[in-house]
Amino acid sequence: MNIAVKTDNGVNTEALMGARGAFEQMPQAAAFTFRSACDWIQGTQNRNAINGYFGLGQEHARKQTFTIDSDHPEVFAAADKAPTPPEIVLAALASCLTGGLASVAQHRGIQLHSARAIVEGDIDVRGILGMDPDIRNGFSAIRVTFEIDADASREDIEALVAQSQKRSAVFDILTNPTSVAVAVA
Amino acid sequence: MKRISTIVIGAGQAGLAMSHCLSARGITHVVIERGEVANSWRKERWDSLRLLTPNWQSRLPGFSWSGPDPNGFMSMPEVIRYFGDYAAASKAPVEASTNVLSVSAEGGGYRLSTDRGDWLCDNLVIATGACNIANVPAQASALPADIRQLTPFRYRGPGQLHEGGVLIVGASATGVQLADEIRAAGHDVTLAAGEHIRMPRHYRGRDIQWWMEMAGIHAAAVEDVDDVERARRVPSLQLVGSSERRFLDLNALRERGVEVVGRLAGIRDGRALFSGALANHSTLSDLKMNRLLAALDDWAERSGQPDLLPAERFDPTGISPAPRLSCDLSRGEIRTVIWATGFRPDYSWLHLPVFDAKGRLNHRGGHVAPGLYVLGLPFMRRRNSALIDGVGSDAQALADHIDRTRGRRAA
């Protein structure tokens, strides 16, 4: 006997669909600006403070300021007090895809029981050491493997993963070029 | 100034179908055509192109294919002859070589200014199609000047290309067909593929268009889909009209030596940059194709279709383990770029407040404004609205509306 159970991945897709409707009427409200302020601490260690952002036509302040520290490991003769920036990028990708997965699953009525994204990025550090102009600084390849337990067929789960990439900000940032301007204030 | 009940702009499949339906209802009209009947099929198609639908599926109101090869695909000369025969059989009142300069509202109807005089009408049917302008992304201006750029409108065949490599941007029907024939002519071909719709030409012994029709996919109405705006944006299927029934997907192109890379994401410092999302775009395409094939299999089983070959699943799209992410355009490797990046309609002559914020024509099932109709757009009323076979039912419905409202609107 089938018992209809309401899918609950803890994502409010009704609100997101409502936002889509509102942005159709007022596209300018959809223009957001996110920020981080990064203070140098010591050596390669530094700390990002993340709070305010602009969106829906106004400035928003959060109830708390989040911090993300970064450093480098001991093999680079650093203090290893925090992950490296490229690891934070991998974490950002995994977070974006995993959050997207839950949202898409909610929208499609698929209950998630567990989901884990394992992310790996390959980097040849001769690039950042300036040893070979043919080697890039960044990742030469990134691989994500999802382990997902959900009430859905393998094909439906693959479709969730594909859709979460299609709608992911960080996936887009990593796979397509972005214009970056850096200035001294 | 001439007055008439109804004017149809465009003498392609949509305009001719509408003309036939208007005549059948005794509605006086003219068909204004910038060139000759089937003009864009004459002037804006490459030489090897064949229709993507089989001959038998070229039914128009009061007209259908009667040649020897119902399962073949018309070449362009055959398409031109077919529409010419239809215009003659329907006695379509075509005003050829007449360019529309402007359409504006006047006296409860519409004033149409052309380079051969003005008309006033109660009803106006826009049947100029969805493919008047080839989309060329803004980044085209960043290409080095010594690289030749072509749109599908100016491409005729590989013979007109310079020697050397060709970058084809876009992997829908146009992109895959051009990649195939330009590669076969001996050029190095790089194909930049974003979202695309992979589709076998032939499945279980039947043409894919037979399946789409029989399973009711072609006739699906606007009300039958969740998001019609999205359905209208679906790229063209990766198909070629070929009697050899070739499955022209990215795998087939790679086997023939075409290098498949991600979507052209930008041109920076003389380098073309390709998206790293090719794997996901290929996966999305495989998933969509398999969903459709599963739905077709279900339909075949439910409806007890006889004489079908067994169900089949195709290998996933293979992509190179490390697809190229950029290409130095200054090294002479790429001599030609072809923008197979889609088409859009041209309404620059339509001086009425009937557009949305993105410049798209607002319409509801082809109704634009009182007395103003459009015909032949993708998924206008049904999924096959832009196909030769689908425009007829839309034309019947709009002609019925013109007939019902006749006399109720003062000219």
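How much area is buried between domain 1 of chain B and domain 2 of chain B, and what part of it do carbon and sulfur atoms give? In this predicted model, the area is about 2400 Å². Carbon and sulfur atoms give 53% of that figure. The size of an interface is often expressed in this way, as the accessible area lost when the parts come together.

The two domains of chain B divide as follows. Domain 1 is made of two stretches, 2-132 and 345-405. Domain 2 covers 135-339. Their C-alpha centres lie 28 Å apart. The contact draws 29 residues from domain 1 of chain B and 30 residues from domain 2 of chain B. Three residues of domain 1 stand out in the buried area. B:Trp46, B:Leu52 and B:Phe379 supply 30% of what domain 1 of chain B buries against domain 2 of chain B.

One salt bridge is found across it. B:Arg59 and B:Glu213 form a salt bridge, and their closest N and O atoms are 2.6 Å apart. Between domain 1 and domain 2 of chain B, 17 residue pairs are in polar contact, counting pairs with both residues at pLDDT 80 or more. Twelve of its residues are nonpolar, six are polar and eleven are charged.

The second interface joins the two chains. Chain A and chain B bury about 1200 Å² between them. Of this area, 52% lies on carbon and sulfur atoms. Chain A brings 14 residues to the contact, and chain B brings 19. Which residues of chain A lose the most area to chain B? They are A:Glu155, A:Lys166 and A:Pro177. Together they account for 37% of what the chain A side buries.

Between chain A and chain B, two salt bridges are counted. In one salt bridge, the side chains of A:Arg20 and B:Asp227 meet at 3.5 Å, N to O. Six residue pairs are in polar contact across the interface of chain A and chain B, again with both residues at pLDDT 80 or more. On the side of chain A that touches chain B, helix H3 (154-166) and helix H4 (169-175) each supply at least two residues. The largest share comes from H3 of chain A, with seven residues. By class, this side of chain A has four nonpolar, five polar and five charged residues.

Backbone angles were examined as well. Most residues other than glycine have a negative phi. Two residues of chain B have positive values. Phi of B:Lys91 is near 50°. B:Lys91 sits in the loop between helix H3 (76-89) and strand E3 (94-95) of chain B. Is B:Lys91 buried or exposed? B:Lys91 counts as exposed because its relative accessibility is 70%, and the cut-off for exposed is over 50%.

Phi of B:Asp307 is near 60°, also a positive value in a residue other than glycine. B:Asp307 lies in the loop between helix H8 (278-302) and strand E16 (326-328) of chain B. With a relative accessibility of 68%, B:Asp307 counts as exposed.

Notes
Residues are numbered from 1 along each chain as its sequence is written. Chains are lettered from A and ligands numbered from 1 in the order in which they are written. Side-chain values use heavy atoms; hydrogens and water are left out. Domain bounds come from an automatic or database domain assignment. Contact means heavy atoms within 4.5 Å. Buried area is the accessible area (1.4 Å probe) that two parts lose on being put together, summed over both. A salt bridge is a side-chain nitrogen of Lys or Arg within 4 Å of a carboxyl oxygen of Asp or Glu. A polar contact is a pair of N or O atoms within 3.5 Å; within protein, one must be able to donate a hydrogen and the other to accept it, and residues adjacent in sequence count only if both atoms are side-chain atoms. Ala, Val, Leu, Ile, Met, Phe, Trp, Tyr, Cys and Pro count as nonpolar, Asp, Glu, Lys and Arg as charged, and the others, Gly among them, as polar. Helices (H or I, at least four residues) and strands (E, at least two) are DSSP runs, numbered from the N terminus. Buried means under 20% relative accessible area, exposed over 50%, partly exposed in between (1.4 Å probe, protein chains only).
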